[in-house]
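Here is a short report for a first look. Please keep the sequence and the model in view as you read.

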Amino acid sequence: MRIFASLSIAALALALIPAAQTPAQAQAVAQTPPMGWNSWNYFFGKVTDKDIRDSADQIVATGMKDAGYVYVNIDDTWEGKRDANGVLQTNEKFPDMKALADYVHSKGLKIGIYSGPGPKTCAGYEGSLGHEEQDAKMYAEWGIDYLKYDLCSFHEAVMEKQAPNDKAAQMRLMIAAYEKMDKALKATGRPIVFSLCQYGWDAVWEWAPALGGNLWRTTDDINPHWDRIYAILEQQDGLAKYAGPGHWNDPDMLEVGNGKLSLAENRSHFSMWAMLAAPLLAGNDLPHMKPEINAILTNRDVIAIDQDMLGKQGTRAYSDGEVEVWTRHLARGALAVAVLDAGDNRFSTHPFHLDMAKLGLHGPQAGKDLWTGKPITLTDQMPIEIASHDILLVRIAAPK
Ligand code: GLA
């Protein structure tokens, strides 16, 4: 009887200890690029528990949840100090992280958090150096579903200190730091999206997928200005082959609805991030979102391009003056075509003529204009007039 009791206690203990995740399970969390919202691009260091709750409420109320936005991500500045046992406390802006996670989950959403491998985060808060397993366990206990892990002080405090002037050794230290957190996350057994943020250094796209990264930043920070958004877009050329189900290039979070971006710029930004199979993490002030911004963020046809099951990132087919034409191959043989007028002066290429041969297409192609919702037929050399910083985005179901 006693043997039986101790056996069943052992079985119970085993059932309670979560099994570590396999690499396949880890990739399953991001079969399509993650969609949600992140606090940084609008709130920066001011974000509070209330802002996160309000944003979760709004994701539901504005139809964003129904359109596919799931993650509500707290960026930097939630961290307090470590206690005597090394357990990281939250600061006064986030009185009870478990309660906040429960609240977000109660809305049918998921919650993300932020840390970094260095002693400090980018905003100077407590990082995870030397506490990786402890932090990962705590995230899992809180019910965290997503971690953005930001290099920041690790560069100066560890890489430059431990391997001065040795770039290769510095890179190895960085990779080991990301690997360490990935292992710690997997050991919790909780599916947690792992987002690498180290600004696209050292060809991160070549090594991040193998160590379990679900997405990795490909550039330095975005800001709500057309020049910055376009500069980031240009840096994505050539990276398409590294993206696929479970692991994505991250050209940074969306600025749609932020700053003084025009409607055309917001549309183009959103369209091009969809062409890039980028994670769609909105970063705007949801409680004060204008209807036209809501309409952009919830355009189902554009989201369907981003979330296409084939998971093949789009590429630039050609450019002609200030106009660029990008294509993205979609599931069931469909094709997305984006014609972007990136320039400030539309007359430089007015009107633009479409060159179908450069897209590998032959003859007229019937499709749908995803911003007007109307049918459109693309024909060779057709003149297309697009205002400065605006875009034509077309889905062709059966390209010929
Ligand atoms: C870095 C990241 C940003 C943001 C801030 C927070 O700059 O690139 O996305 O997370 O840190 O401090």
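What volume does the second largest pocket have? The second largest pocket has about 180 Å³. The model is a predicted one.

**The second largest pocket**

A lining of 17 residues surrounds this pocket. Nearest its centre lie Trp 40, Lys 148, Asp 150, Arg 217 and Asp 221. Helix α3 (40–43) and strand β6 each give two or more residues to the lining.

**The largest pocket**

The largest pocket holds about 260 Å³ of space. Gly 257, Asn 258, Gly 259, Lys 290 and Ile 293 lie nearest its centre, out of 15 lining residues. At least two lining residues come from α12 (263–275), and at least two from α13 (291–297).

The two linings divide by class as follows.

**Strand β6**

Back to β6, which spans residues 146–150. Five of its five residues are buried. Tyr 146, Lys 148 and Asp 150 point one way from the strand, while Leu 147 and Tyr 149 point the other way. Of these, Lys 148 and Asp 150 are among the residues nearest the centre of the second largest pocket.

Which strands pair with β6? One is β5 (residues 110–115), in the parallel sense over four bridges. Here Gly 112 stands opposite Tyr 146. From β5 the chain crosses through helix α7 (residues 132–142) to β6, in a right-handed β-α-β crossover. The other is β7 (residues 193–197), also parallel, over five bridges. In β7, Val 193 stands opposite Tyr 146.

Notes. Residues numbered from 1 in each chain as written. Predicted model: local features only at pLDDT ≥ 70, side-chain atom pairs only at ≥ 80, totals over all residues. Heavy atoms only, no water. Buried < 20%, exposed > 50% of the residue type's maximum accessible area, 1.4 Å probe, protein only. Pairing = 2+ DSSP bridges. Right-handed = clockwise from strand over helix to strand, strands pointing away. 1 Å grid on protein atoms, 1.4 Å probe; cavity = no way out; pocket = protein on both sides within 12 Å on 5 of 7 lines; lining within 4 Å. Points joined across faces, edges and corners; volume = space filled by probe spheres on them.
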